[in-house]
Amino acid sequence: MAYVVVVPLLVVSLVILYSRRKSSRYPLPPGPRKLPIVENLFQIPRGGFIWLDYAEMCRRYESDIIHLSALGNSIIVLNSAKTVSDLLEKRSSIYSSRPPTVMLGELMGWGTTLIFRPNDDSWKAQRRIINQAIPPTDPKRFHSKQLSATHDLLRVLPHSDDVMKSLQTWAAAFIMDVTYGLAAGEAKPYLPTAMAALDSMSTAGTPGAFYVDQIPILKYVPEWFPGADFKRKAREWSDLRVQMTETAFSVTKQRMAMGTATPSLTLAALEQMDRNQDLAKQEEVIKKASVTAYGGGSDTIVAALGSFILNMLMNPEIQRKAHEQLEQVLGPGDLPSFSDELSLPYITAIAQEALRHNPVTPLAFPHALTQDDIYEGYFLPKGSIIMPNVWTILHNEEDYPEPNLFNPERFLGPDGQISPKVKDPATAAFGFGRRACPGKHIALASLWIAVASILTCYTIEPELDEHGKPMKPKAEWYPGPTLFNHPLPFKCRFVPRSKDVQASLGVSLV
Ligand code: HEM
């Protein structure tokens with residue numbers, strides 16, 4: 001029944017969009033041949049590891065910049081550090097917007113929040129709040145929260161039979177603390193809603209998940225109409241967003257009034273409000289910035305840590321070398337702290353390799369171009385969706401020989417220290433230009449302390465079968481379609497390395 005409506009609407013939309021296409025005396029970048037009306041509709045990768053499909057297309061057309069178009073959308077893929085630097089960084093003023101999304105942005109209401117917002121005054125105001133509340137110049141602001149959250153994680157892991165699930169619950173609580181100052185126990189009542197809201201966000205943000213993103217006119221179809229189930233979902237998911245945005249924020253605000261709030265992004269932002277300006281308006285901006293920080297921080301850290309644990313499971317020799325360095329630096333029973341970082345370059349190299357080998361956001365997050373541009377003789381139309389291929393940048397053989405190998409040593413010089421000659425993967429893993437991740441320093445510190453602490457306490461070993469024999473571990477990744485790259489659920493054992501460490505954590509780990 002729904003097809004009776006969808007198909008004619010699709011045809012009408014296609015004809016209108018095709019007839020409105022702009023032309024220029026410069027050619028578009030190379031790419032798959034465009035068919036009349038539908039253009040590249042059937043060549044745009046929609047499932048699986050789409051970053052690999054785009055990389056393959058770039059190889060086929062022998063270009064680091066390619067163009068596809070369909071349904072009125074112009075997509076430009078940037079497949080090298082050079083094109084990304086030339087456009088997203090050097091011409092950041094016109095490459096820093098976001099493409100509109102109907103399901104997520106309009107119907108579910110996420111479009112007003114920082115990460116989805118176009119490059120406008122509201123985005124600038126929210127971004128300013130984040131930059132002031134979690135400034136990279138003050139990396140120690142959250143160290144004590146990061147340390148105590150990591151110790152919580154160490155207690156949870158050996159009892160977990162689903163590592164990814166445990167990481168997800170833990171990260172949700174940890175980011176709740178950083179964002180709103182609610183410690184793990186206090187955050188519990190708010191977590192189910194927050195996690196459900198994030199789930200709905202990632203479902204709706206999956207490319208191609210909802211027809212309404214391709215045929216925006218469908219947004220006017222009433223909820224009761226056959227096939228318009230997406231409208232009911234959008235309403236329910238919007239309710240989750242509102243609850244997630246309002247509840248934790250109001251607790252922080254109340255605690256601030258009572259003088260009991262602990263440091264957090266939201267508290268810092270509330271304290272920095274200009275008392276001579278409209279307070280309600282400023283609070284609205286803070287709410288949106290905070291909820292984005294919460295959303296931007298939790299699933300990404302889960303994916304990075306999941307990738308680290310899985311790669312350790314696959315590479316016992318790397319664990320052995322890490323253990324060796326940890327034993328040289330830490331005394332018996334000591335847990336690592338941030339001040340140990342310079343003495344533990346092998347641990348830093350493992351954290352860097354986890355970010356490089358399986359980047360969390362292999363296509364970063366789509367940018368949008370706000371005016372027509374010319375680059376290397378190609379016409380890049382205003383409104384194009386720009387996809388930087390982080391995966392290819394971090395798997396470039398010149399920068400990272402044998403890129404598919406998980407090899408932390410690539411980052412070390414002959415003296416065993418981090419080599420300044422090897423490109424730090426964080427230059428690509430956290431996005432680009434004005435939209436680059438404002439939580440990068442928090443993410444890097446959280447990842448480092450977790451990697452160091454997990455390897456101090458445990459050897460990560462394969463699950464045992466019913467005969468007590470280790471099972472061969474498998475590294476499998478969520479096949480998408482998705483913008484987030486994370487391992488599929490897997491099992492492993494966290495075998496405690498010493499009783500001294502158990503005593504330091506004050507618990508029995510087995
Ligand atoms: C391993 C962890 C993380 C990774 C890999 C990551 C990666 C990214 C990427 C690729 C973007 C988009 C950049 C672009 O458009 O070019 C982004 C944006 C963002 N991230 Fe992160 N992130 C991580 C952790 C965090 C944390 C811990 C926070 C907050 C505490 C955070 C807050 C944000 C926000 C607010 C944005 C939106 C920025 C904007 O649109 O202007 N992220 N992140």
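## Exercises: helix packing and the ligand shell

The axes of helix 9 (residues 191-205) and helix 13 cross at roughly 85° and come within 11 Å. The structure is a predicted model: local features need pLDDT of at least 70, side-chain atom pairs count only at pLDDT 80 or more, and totals for chains, interfaces and linings use all residues. Residues are numbered from 1 along each chain as its sequence is written, and side-chain values use heavy atoms, with hydrogens and water left out.

**Exercise 1.** Classify the packing of helix 9 against helix 13 and list the contact residues.

Step 1. Helices are DSSP runs (H or I, at least four residues), numbered from the N terminus. Axes are lines fitted to C-alpha atoms over the stretch in contact, with angles from 0 to 180 degrees between N-to-C directions.

Step 2. Apply the angle classes: under 35 degrees is roughly parallel, over 145 roughly antiparallel, 65 to 115 roughly perpendicular, the rest oblique. Helix 9 is therefore roughly perpendicular to helix 13.

Step 3. Find the contact (heavy atoms within 4.5 Å). Leu191, Ala194 and Leu198 of helix 9 meet Tyr294, Gly295, Ser298 and Asp299 of helix 13.

Step 4. Sort the residues. Ala, Val, Leu, Ile, Met, Phe, Trp, Tyr, Cys and Pro count as nonpolar, Asp, Glu, Lys and Arg as charged, and the others, Gly among them, as polar. This contact holds four nonpolar, two polar and one charged.

**Exercise 2.** Treat helix 13 with helix 14 in the same way.

Step 1. Helix 13 (residues 279-314) and helix 14 (residues 316-329) have axes that come within 5 Å and cross at roughly 105°. The two helices are therefore roughly perpendicular.

Step 2. Helix 13 contributes Met312, Leu313 and Met314; helix 14 contributes Pro316, Ile318 and Gln319. Five are nonpolar, one is polar and none is charged.

**Exercise 3.** Which residues of helix 14 meet helix 18?

Step 1. The axes of helix 14 and helix 18 (residues 440-457) come within 9 Å, crossing at roughly 90°. So helix 14 is roughly perpendicular to helix 18.

Step 2. Gln319, Ala322, His323 and Leu326 of helix 14 meet Ala452, Leu455 and Thr456 of helix 18.

**Exercise 4.** Describe the shell around the ligand.

Step 1. Count. The ligand is surrounded by 24 residues (a heavy atom within 4 Å). The closest are Arg98, Trp123, Arg127, His367 and Cys437.

Step 2. Sort. The shell has 13 nonpolar, eight polar and three charged residues.

Step 3. Locate. Helix 5 (121-133) and helix 13 each supply at least two shell residues. Helix 13 gives the largest share, five residues.

Step 4. List polar contacts (N or O atoms within 3.5 Å). A polar side-chain atom of Trp123 lies 2.9 Å from a ligand oxygen atom. A side-chain N or O atom of His367 is 2.7 Å from a ligand oxygen atom. For Phe432, a backbone N or O atom lies 2.9 Å from a ligand oxygen atom.

How values were computed. A polar contact is a pair of N or O atoms within 3.5 Å; within protein, one must be able to donate a hydrogen and the other to accept it, and residues adjacent in sequence count only if both atoms are side-chain atoms.
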